Amino acid sequence: MATDVRYEEWHGANQDYCSWIICVASHAIESIDEIWLNDELAWTAAGGPQGKFVGYFSVPHLTLEAQASDGYTFGSGRWNGDRRLTGCAWLHLQFKVTGNSKKAESPFSGGPTNRMTIIGKGARLYDPSRDSTVPGGSGPMRANDQSTWRYVTDDGEVIGENLPLQILRRLLGWCIRNPVTGEMKLALGSGIPAKRIDVMSFMVAARLAEEPVIRSAGGTEPRYQGAGVISEGDDPKTVLDMLCAGCCGRFRDTGGRLSLVIAHNDLAEGAIDDGLNEDDVIGDFTFDPDPSLEATPNIVRGRYVDPSPASLYQLIDYPEIRIPSIDGIDRVFPLDLGVVESPSQAQRIGKQVLQRKQLTRSFKAPFDERAWRWPVGSVVPFTFAPLGFVRQLCRVASQDICDEGSNRGACIMELSLEYQEIYAWDGSDKAPVRAIAAPGYNPALDPLAQAVIQAVTPIEQLLIASSYTVGATISAADASGSATATISDHSRVYQDRTVAVTGSTIAGLTSSTTYFFYYDDVARAGGAVTIIATTDGAEAFPSSTAPARHYVGSVTTPAPGGGPSDGGGSSPPGGGEPIRYPEERLP
């Protein structure tokens, strides 16, 4: 809690005592439980002064929410009923700086300490699920009545560390009553009216946050919980960003009301949904594939709050989360979690953030009126042949009404592509982050590719399937956590002609893995073809969906730190086996 010294007075016959009035919060709190001076426990609510501080340190008075009627005085009387800190939580600390006997020396002989930690249970929160006026809620809490808000509910459940409810409180704000006029004045937070907030979304988020998840160290913990000290001078956006980071939350505008969504695996909802398809897209689209290599981090590192006596709520590093860099250059995404007090929760959040950074893809286009069926934040399967999507799971990121042009009145919708890999830490912190390629674009499903299939005659299919390489050498080398394969220039021999093919170098391959190399060439012209690496051998050979496919060869990449390895190209009959269809699988 805060340690804001609002008043200091030295008193006693020989100024034996120093008293501080400490304001710990500008709102009502649940309790003050412990006081630590430097790194030693000095006082507890249950036992009073502790250890060497007995007889030298005391808490003569504390209040969890000061009222206008409160009157408290000590020492000279300058602190009295006219100084109430109305609406705040505060306490009086008293230090005795002289020894209690001639042979004793006070631990405060040099004056009160300048390092103090006050531990307690903080702000009271509003929970929509305990409000019978909210659909699906039941109970006496009301958004417009602070007296009904709780840290520990009437049925004994602790909700004070529920991060979505802390965010909701920050939006609603907290008011203090003017002791003269009786008017309620906003003291902290945004003061947004409840009718402008989608409180049901916060109800869902709060329940998800309190669900137990497995800790790799043993036992369980709530999915997202946290606490922290926030100053009235802190930037409101910075505060909300910090709270959202602690629960993987994001704000959305839902029909003019502010809602909260926290990341969790709800992709199963898309399995029974008919979804959207290319017939629903009524204009030009924009597809943003994976970001550039420079914009894709391979490391997440940062700090979390350590509540143990060794740190006393200071920020310390959590173990960094790392995957190999494709080009050997580390790119760090900093992620400080200023309200997270669990290292395993920090790991779950960091891993989820890093995995999502590897799989950032979005699609934006004008859709017909069917698109309004899926509100912002919902999961929708999307089939779109131009990009090879077949029920690709997406999440609605935004929606807007087009107000100009031929698509006036259409739903301008942005979809974020979703993958199961992102949610591997929904219920545990155990899974590692994987440097994987996102499933998505299947070129064989593109309408142009379908036209190519129809353009390859049966005779040409046989000529391609029976062709082979001459002079092709394939080698692989370690590249500091990944591998690079090099295919030399070579010739492709068909039964009716021979053409020259330009080689290629492919980086970012996984170590100790067998790769097969191929290219597509309908015209059988050779030249600067695009050679592709795959770990699926069947994919590298001609098939019913890829009749123009040319198998080049294969190589097994070396282990990390290992020496170069050699593979080989196809040889007569090379691809000269019959056309292989997927169901017959592989050489």
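Select residues 468-470, 490-493 and 498-501 to begin: strand 26 (468-470) and strand 30 (498-501) are edge strands, and strand 29 covers 490-493. Together they form an open sheet of three strands in the order 26-29-30, with antiparallel pairing. Strands here are DSSP runs of E with at least two residues, helices are runs of H or I with at least four, and both are numbered from the N terminus. Two strands count as paired if DSSP finds at least two bridges between them. Strand 26 and strand 30 each pair on one side only. From one strand to the next the twist averages 35°, an angle taken between N-to-C directions of lines fitted to C-alpha atoms, on a scale from 0 to 180 degrees.

This is a predicted model, in which local features need pLDDT of at least 70 and side-chain atom pairs count only at pLDDT 80 or more, while totals for chains, interfaces and linings use all residues. Residues are numbered from 1 along each chain as its sequence is written, and side-chain values use heavy atoms, with hydrogens and water left out.

Stay with strands 29 and 30, which pair in the antiparallel sense over four bridges. Pick Arg-492 and then Val-499, its bridge partner in strand 30.

Next, select residues 299-301, which make up strand 17. The open sheet here has the order 20-17-21, with mixed pairing. Its edge strands are strand 20 (321-322) and strand 21 (332-334), each pairing on one side only. Strands 17 and 20 run antiparallel and share two bridges.

Move to residues 4-11 (strand 1), which run antiparallel to strand 2 and are joined to strand 2 by seven bridges. Glu-8 has Trp-20 as its bridge partner in strand 2. The hairpin of these two strands has five residues between the strands, and there Gly-12 takes a positive phi near 105°.

Now colour strand 2 (residues 17-25) by accessibility. Eight of its nine residues are buried, so strand 2 is largely enclosed by the rest of the structure. Buried means under 20% relative accessible area, exposed means over 50%, and partly exposed lies in between (1.4 Å probe, protein chains only). Cys-23 has Trp-90 as its bridge partner in strand 7.

**Salt bridges**

The structure holds 31 salt bridges, each a side-chain nitrogen of Lys or Arg within 4 Å of a carboxyl oxygen of Asp or Glu. Side chains of opposite charge can pair when their charged atoms come close.

Select Asp-33 and Lys-121, whose closest N and O atoms are 3.1 Å apart. Asp-33 is in strand 3 (residues 29-37) and Lys-121 in strand 8 (residues 116-123), 88 residues apart, so to speak distant parts of the chain linked by the pair. Asp-33 is partly exposed, with a relative accessible area of 22%, and Lys-121 is also partly exposed, at 33%.

Go on to Arg-130 and Glu-157, where the salt bridge spans 2.4 Å from N to O. Both residues lie in the loop between strand 8 and helix 1 (163-172), so the pair ties together parts that are 27 residues apart in sequence. Arg-130 is buried, at 14% relative accessible area, whereas Glu-157 is partly exposed, at 28%.

For another pair, select Arg-370 and Asp-274, with closest N and O atoms 3.4 Å apart. Arg-370 is in the loop between strand 22 (362-367) and strand 23 (379-384), and Asp-274 in the loop between strand 14 and strand 15 (276-277), 96 residues apart. Arg-370 is partly exposed, at 28% relative accessible area.

Then show Asp-127, Arg-130, Asp-155, Glu-157, Arg-207 and Glu-210 together: salt bridges that share partners join them into one network.

**The cavity**

The last stop is the one cavity of 30 Å³ or more. A cavity is a set of points on a 1 Å grid over the protein atoms alone where a 1.4 Å probe fits but cannot get out, and lining residues have an atom within 4 Å of a point. The largest cavity has a volume of about 100 Å³, the volume being the space filled by probe spheres set on the points.

Select its lining: Cys-248, Arg-250, Arg-252, Val-261, Ile-262, Ala-263, His-264, Asp-266, Arg-356, Arg-395, Glu-418 and Tyr-423. Strand 13 (249-254) and strand 14 (257-262) are the elements that give two or more residues to this lining. By class, the lining has five nonpolar, one polar and six charged residues. Here Ala, Val, Leu, Ile, Met, Phe, Trp, Tyr, Cys and Pro count as nonpolar, Asp, Glu, Lys and Arg as charged, and the others, Gly among them, as polar.

Note on methods
On a 1 Å grid over the protein atoms alone, a cavity is a set of points where a 1.4 Å probe fits but cannot get out, and a pocket is an open set with protein on both sides within 12 Å along at least five of seven lines; lining residues have an atom within 4 Å of a point.
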